[in-house]
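Here is a short report for a first look at this structure. Have the sequence and the 3D view ready.

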Amino acid sequence: SRLKGYLGESAFLSRYSEDHFAVIVPGTKTREEYEDIAGGLVNLFKTPITVDNYDLDTSVNIGICICPYDAQDEDSIRKQAKAALLRAKREGKNTYKFFSNDLNIQNYKEFVLRNDLHHAIEKNQMKIYYQPIVNLKTGEILAVEALLRWMHPEWGLVLPNEFIHLAEETGVIIKIGKWVITQVCEDYKRWQNMGLPSIKVAANVSGIQLMESDFANKIKNIIDEYGLSPEFLIIEITENVLLKNTDKLLSHIETLRSFGIQIALNNFGTGFSSFAYLNKFHVDIIKLNGSFLKGVPLNSTNCAIVESVIQLARGLKIK
């Protein structure tokens with residue numbers, strides 16, 4: 001009602017989705033006129049909205065795309081207005097921004113992914129693919145690693161390096177992490193019922209998950225729900241996680257290992273104290289960072305590093 005009263009009959013007004021509204025103001029306008037309109041819209045919501053004797057404070061952010069200067073077709077106008085909205089939201093409440101060329105498609109994509117991440121599991125968009133870990137001499141599959149992928153309706157296949165940091169920022173990683181372990185257990189139970197060989201399954205966990213209270217027991221409870229033995233599971237953590245809250249992390253690792261769950265240290269060799277970690281944290285597996293494998297066997301330096309780590313692992317009885 002406020003928007004209609006302010007914009008009048010000449011403007012097109014639509015509820016675009018959830019808390020997003022789209023406004024089209026026709027006619028040739030100068031940038032200053034658009035600024036006046038946007039400023040008026042911001043001021044419009046500085047007064048609380050009263051509902052059943054409650055005063056509701058409302059803020060607004062606005063992204064503006066001018067046609068035909070910024071874009072000509074419907075899809076471009078929509079995307080560029082959203083890109084401008086993302087910039088406005090980053091600067092705080094009650095702001096508006098015009099589209100400019102420095103608002104690239106990556107900003108818009110991040111904005112869309114951040115919003116859609118909250119409902120990705122409910123909409124069955126998250127998928128797990130299993131990459132085999134193979135004995136190179138025999139070809140036998142020893143284990144599989146669960147790889148999380150997001151099948152986004154607009155952006156297609158989205159890899160973890162594009163959305164995991166967003167999930168951690170928004171806290172959605174806790175829900176996603178629980179779903180991953182649940183899905184792994186469900187798949188493994190189905191493989192057992194099909195009579196497939198017993199192998200191990202590795203799943204990555206975020207540092208934020210590891211900071212949860214009672215994290216280890218939450219994992220065990222999910223496994224118990226499916227009537228599985230915890231020995232099938234490998235939990236993968238990255239080196240940078242070990243830099244924070246080491247006492248709490250050490251407790252989680254010890255509890256997980258007491259259940260029979262193995263711990264793998266991922267991206268080994270990229271941290272500042274890789275060898276110190278091996279002394280303090282009792283891990284079962286180290287996964288050498290891929291950068292060391294580039295050039296093997298022709299690069300003599302990388303060959304020496306890889307051979308040394310293999311010998312070290314054998315001496316420590318780590319896979």
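Which residue takes a positive phi just after helix 6? G195 does, at about 80°. Helices here are DSSP runs of H or I, at least four residues, numbered from the N terminus.

This is a predicted model: local features need pLDDT of at least 70, side-chain atom pairs count only at pLDDT 80 or more, and totals for chains, interfaces and linings use all residues. Residues are numbered from 1 along each chain as its sequence is written, and side-chain values use heavy atoms, without hydrogens and water.

## Helix 6

Helix 6 has 21 residues. From first C-alpha to last, helix 6 reaches 30 Å, close to the 30 Å expected at 1.5 Å a residue. That expected span is 1.5 Å times one less than the number of residues.

Its buried residues include I173, W179, D187 and W191. Buried means under 20% relative accessible area (1.4 Å probe, protein chains only).

## The nonpolar cores

A nonpolar core is a set of buried Ala, Val, Leu, Ile, Met, Phe, Trp, Tyr and Cys residues joined through side-chain atoms within 4.5 Å. The largest one has 58 residues; L117, M126, I176, F232, I235, I237 and I286 touch the most other members. Helix 6 (residues 173-193) gives the largest share, nine residues. Apart from this core lies another, of 15 residues, with A11, V42, F45 and I64 among them.

## L113 in helix 4

L113 sits in helix 4 (residues 105-116). L113 is buried, at 2% relative accessible area. Beyond its neighbours within four places in sequence, L113 contacts (heavy atoms within 4.5 Å) residues including W150, H152 and W155.

Key. Buried < 20%, exposed > 50% of the residue type's maximum accessible area, 1.4 Å probe, protein only. Helix = DSSP H or I, 4+ residues; strand = E, 2+ residues; numbered from the N terminus.
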